[in-house]
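Here are some notes for a colleague opening this structure for the first time. Please keep the sequence and the 3D view side by side while reading.

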Amino acid sequence: MANKLNTTYIIIDAYGEVNIYRYVYFVIIFTAYVLIICSNFTIVCLIWIHENLHEPMYVFIAALLLNSVLYSTSIYPKLLIDLLSEKQVISYSACLCQFFMFYTFGSSEFLLLAAMAYDRYVSICKPLHYTTIMTKTTISLSLILAWFLPACHTLLPVLVMVSDDIKLCDFTLKGILCNNSLYKLYCESSQALTISGGVALINVVLFPLLFILFTYSKILLISYKSCAEVRKKAAQTCLPHLLVLLSVFCLGSYDIIIVRMESDFPKTARLIMTLLLILYHPLFNPIIYGLKMKEISMHLKRLFYSSKMI
């Protein structure tokens, strides 16, 4: 097992003719990575500093933005190294580590959005019980589960891939990162990988997604029957979450579909589409919450206004 991890290297075969413009791509992706870190951490710091943002909804937003940074960090450093390298290779152990981080933080977004949906449901549908339900214990437990459950579910297939039960027959990865494409490299399909992947998909993606849709449908029904002020509150606080959910769903769907279609997909087209997805999604969250959430938008305007005055 140790020998397998230490001596096996995988060739990343996804760049094609992009190597001609490697420095252009490097500058674009490096700039995007810096913007992702700065934009997400700016809002996280604002939530940390200002006491009026120390509410469950903003705590969950901060956790989601922090998760976006961690998700990006599982992709961008290796991607930047590959763009400057003559040969794009990755060790099997590093590939499994990226696989673990990619799916742990990717799946965590669904659970964090589910926690945010529940927070909005209690706030709008049960306002009198909000403070007794959304306690610090509830928030802490939700955040722990949002990261712990995906980590456990992702660890299972990683342990299967580390074991000697399955062997690599192909050492060329058709993608820029170690995601589901890794399954194509094994000599034969593993029942353990199929089962663990299916269980993970149901528990950390499908169930949270159904819960989110159910929760927002209840909010919509309650808001429709309530006064204009309640409808306005629901629209202001729920719309950003739904937009982010749509973004996460598109990213997850693409990750599943691209593996099934990779043989029919041109290499350059697949690369550009993957880059667009990993670029826009981590930048989408801070833009949506910075523009659509009134309190955060107000603090951002004060921050930029005060910086201009200096």
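This is a predicted model: local features need pLDDT of at least 70, side-chain atom pairs count only at pLDDT 80 or more; totals for chains, interfaces and linings use all residues.

1. Start with the lining of the second largest pocket. Its residues divide into 13 nonpolar, three polar and two charged.

2. Now the overall plan. The protein has 11 helices and three strands. Read from the N terminus, the order is α-β-α-α-α-β-α-α-α-β-α-α-α-α. There are 310 residues in the protein, and 47% of them count as buried.

3. Helix H3 deserves a look of its own. H3 has 18 residues. From first C-alpha to last it reaches 26 Å, close to the 26 Å expected at 1.5 Å a residue. H3 is mostly covered, with 14 of its 18 residues buried.

4. Leu66 is a residue of H3. Is Leu66 buried or partly exposed? Its relative accessible area is 33%, so it counts as partly exposed: the buried class stops under 20%. Leaving aside neighbours within four places in sequence, Leu66 is in contact with Phe41 and Val44. The C-alpha atoms of Leu66 and Ile43 are separated by 9.7 Å, and the two residues are 23 apart along the chain.

5. Next, Tyr33. This residue lies in helix H2, which covers residues 22-49. Tyr33 has a relative accessible area of 13%, so it is buried. What does Tyr33 touch, not counting residues up to four places away in sequence? The list is Ser72, Thr73, Tyr76, Pro77 and Leu80. With Thr73 there is also a polar contact, side chain to side chain, of 3.1 Å. Ile75 is 42 residues from Tyr33 in sequence, yet the C-alpha to C-alpha distance is 9.8 Å.

6. Helix H5 comes next. H5 has 34 residues. Its reach is 49 Å from first C-alpha to last, close to the 50 Å expected at 1.5 Å a residue. How many of the residues of H5 are buried? The count is 26 of the 34, so H5 is largely enclosed by the rest of the structure.

7. Tyr103 sits within H5, which covers residues 92-125. Tyr103 is buried because its relative accessible area is 15%, and buried means under 20%. Where does its side chain reach? At 2.8 Å it meets the backbone nitrogen of Asn180. Tyr103 and Ser74 are 29 residues apart in sequence and 9.6 Å apart in space, C-alpha to C-alpha.

8. Move on to helix H8, residues 191-225, where Thr215 is found. Thr215 is at 3% relative accessibility, so it counts as buried. Which residues does Thr215 touch, not counting those up to four places away in sequence? They are Ala117, Tyr118 and Tyr121.

9. Ser223 is found in helix H8 too. Its relative accessible area is 5%, so Ser223 is buried. Ser223 and Ile124 are 99 residues apart along the chain, and 7.9 Å separates their C-alpha atoms.

10. Then follow Tyr33 to Thr73 through their polar contact. Follow the side chain of Tyr103 to Asn180. End at Thr215 and its contacts with Ala117, Tyr118 and Tyr121.

Key
Residues are numbered from 1 along each chain as its sequence is written. Side-chain values use heavy atoms; hydrogens and water are left out. Helices (H or I, at least four residues) and strands (E, at least two) are DSSP runs, numbered from the N terminus. Buried means under 20% relative accessible area, exposed over 50%, partly exposed in between (1.4 Å probe, protein chains only). A polar contact is a pair of N or O atoms within 3.5 Å; within protein, one must be able to donate a hydrogen and the other to accept it, and residues adjacent in sequence count only if both atoms are side-chain atoms. The expected span of a helix is 1.5 Å times one less than its number of residues. Contact means heavy atoms within 4.5 Å. Ala, Val, Leu, Ile, Met, Phe, Trp, Tyr, Cys and Pro count as nonpolar, Asp, Glu, Lys and Arg as charged, and the others, Gly among them, as polar.
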